[in-house]
Amino acid sequence: MRIAIALLLVGVGTLLFHFLSPWWWTPIASNWGVFDQTILITFVITGVVFTVIMLFLAYSVYTYRNREGHTAVYEPESKKLELWLSLGTAVGVIALLTPGLFAWASYVTVPEDAAQVEVVGQQWTWNYRYPGADGVLGTTKITNITGDNPFGIDLDDPFGADDILIANNELHMELDQPIKLLFRSKDVLHNFYVPHFRAKMDMVPGMVTFFWMTPTRTGKFEVLCAELCGTGHYNMRGHVVVDEPEDFRIWLAEQSTFVETLAAAGISTGNDLADQGRDIAQSRGCMGCHSIDGSAGVGPSWLALYGKTETLDGGDTVLVDAEFLKTSITDPNAAIVDGYAPSMPPYDLTEEELDALVAYIRSLS
Ligand SMILES: [Cu+2]
C-alpha cells in the first residue's frame, strides 16, 4: 500500500512540477512557433504515457500484493498483449517524430526573398558579415584569414569588396524580413543559439551550415554558444538586435565595408602600430578572455600588464616584456602565470602582427 501511494505521489508531483514550474519558454520572437508546437506534442504524448504507467504500476503493486491464499501464475507469452503494446508504441513514436520532420523541412527551405548574413564563430566570440550593396557575399578561403581579413575574403572577388564586417558581437536584423543565416567556424564546433527565436545551428569547421527565420518582434535578444567549445565557452555570448526597417538601414549605413576596413588598416599600419594591434586583438577574438579594463577573465587582463612582474605556476617570477608576450601568444603553455589554467590555444601570427599586438598591450600600461 505504501509503495503504491509513493508511486502515485511521484506521478502527481511530476505533473505539478511541470505545470507550476517557473522555467517556461520566453515569449517567442520569430516565425518558428512550429518548434514550440512539436515540443508541446512531445510533452502531451510523454505526459499521458507517463501518467498511465504510474497509475498502472500503483494499481498492480496494490492489487497483486502478497496475500494469504493467492499465488502468482506463470504466463510468459501473450500474443494479444504484445500486439497491442507494439502497435501502441509504434503509433506513439510516429506521432513524436513526424511533426519534427515537417518542421525541419521548412527550417531549411529558404524563401526567395530572404536577406543573408554570415556568422563566423571562433573561441570565444562571434563575427558577422553582410553582403553589402550588391547583395552577394564574397567568396572566402581559410588561408586568406589574417588580422586585417578576419573572414578570409578573397581579395580578387569583386563581390567581397562591399561586404560589411561586424566584429563587436552584435548582430542586427530587420523586423519582418526573412533572413538566411550562414554559419562557419574558424576552430572548433560551436552552436549559434537564440532562445527567443527557437532557432539554433551547429557551426562545423570546414562546413557552411544554415537556417532561415523571420524576426517578428523588435528588441535585443541574447545569443549563446550551445556547444561546449573550450574553457571560455560560457563567455561566448552576444546579442541580436531586431530593428524597425528604417533603424536597420541607418545602422547598416554606419558600418564599414571590407575595402574601408582594409584602407583603415593600411593607414594605421604606417602610423600607429597599437591601432593595428587593437584590430588584430578584436578580429582574433582575444577580447573573449582578456579584458582591457582590469576586470577578471579567463586570461589575465591587459590593463597595466606590460612591464609587470608576474609569478609563474612553478614559483619563478618573470618580467612581462615584448619577448614574454610574444611567446605567450605563439606558445601559451610554455609558461603559465600562477592562478590561470593552461587553456589558451596557440596563435599563429606573423612577426608584424605580434609586434602590433605587443604595441597595443604596451599602450594599455
Ligand atoms: Cu562556442
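**Briefing: helix packing, cores and domains**

Helices α7 and α9 are roughly perpendicular to each other, a class that covers angles of 65 to 115 degrees, whereas angles under 35 degrees count as roughly parallel, those over 145 as roughly antiparallel and the rest as oblique. The model is a predicted one, in which local features need pLDDT of at least 70 and side-chain atom pairs count only at pLDDT 80 or more, while totals for chains, interfaces and linings use all residues. Residues are numbered from 1 along each chain as its sequence is written.

**Helix pairs**

- Helix α7 (residues 273-283) packs against helix α9 (residues 351-363) at an angle of about 100 degrees, and their axes are 7 Å apart; axes are lines fitted to C-alpha atoms, for helices over the stretch in contact, and angles run from 0 to 180 degrees between N-to-C directions.
- The contact includes Leu273, Gln276 and Ile280 of α7 and Glu353, Leu357 and Tyr360 of α9, where two residues are in contact if their C-beta atoms, placed from the backbone, lie within 7 Å.
- The residues of the contact of α7 with α9 comprise eight nonpolar, three polar and three charged, with Ala, Val, Leu, Ile, Met, Phe, Trp, Tyr, Cys and Pro counted as nonpolar, Asp, Glu, Lys and Arg as charged, and the others, Gly among them, as polar.
- Helix α2 (residues 33-63) and helix α3 (residues 79-107) pack with their axes 10 Å apart and at an angle of about 175 degrees, which makes α2 roughly antiparallel to α3.
- In that pair, residues of α2 including Phe35, Ile41 and Val49 meet residues of α3 including Gly92, Leu96 and Ala103, and the contact of α2 with α3 has nine nonpolar, six polar and no charged residues.
- Helices (H or I, at least four residues) and strands (E, at least two) are DSSP runs, numbered from the N terminus.

**Domains and cores**

- The domain assignment, which is automatic or taken from a database, gives domain 1 (2-64 + 79-107), domain 2 (115-259) and domain 3 (272-363).
- The C-alpha centres of domain 2 and domain 3 lie 27 Å apart, and their contact takes twelve residues from domain 2 and 14 residues from domain 3.
- On the side of domain 2 that touches domain 3, the residues divide into four nonpolar, eight polar and no charged.
- The largest nonpolar core has 28 residues, of which Val119, Phe197 and Val240 touch the most other members; such a core is a set of buried Ala, Val, Leu, Ile, Met, Phe, Trp, Tyr and Cys residues joined through C-beta atoms within 7 Å.
- Strand β2 (residues 125-130) gives the most to this core, with three residues, and the core lies between domain 1 and domain 2 because both give residues to it.

**Individual loop residues**

- Gly297, in the loop between α7 and β11 (309-311), is partly exposed, with 16 other C-beta atoms within 10 Å; a residue is buried if 20 or more other C-beta atoms, placed from the backbone, lie within 10 Å of its own, exposed if 12 or fewer, and partly exposed in between.
- Ala304 also lies in the loop between α7 and β11, has a positive phi near 55 degrees although it is not glycine, and is exposed, with 11 other C-beta atoms within 10 Å.
- A cis peptide bond, with omega about -5 degrees, joins Gln123 and Trp124, and Trp124 is in the loop between β1 (115-122) and β2.
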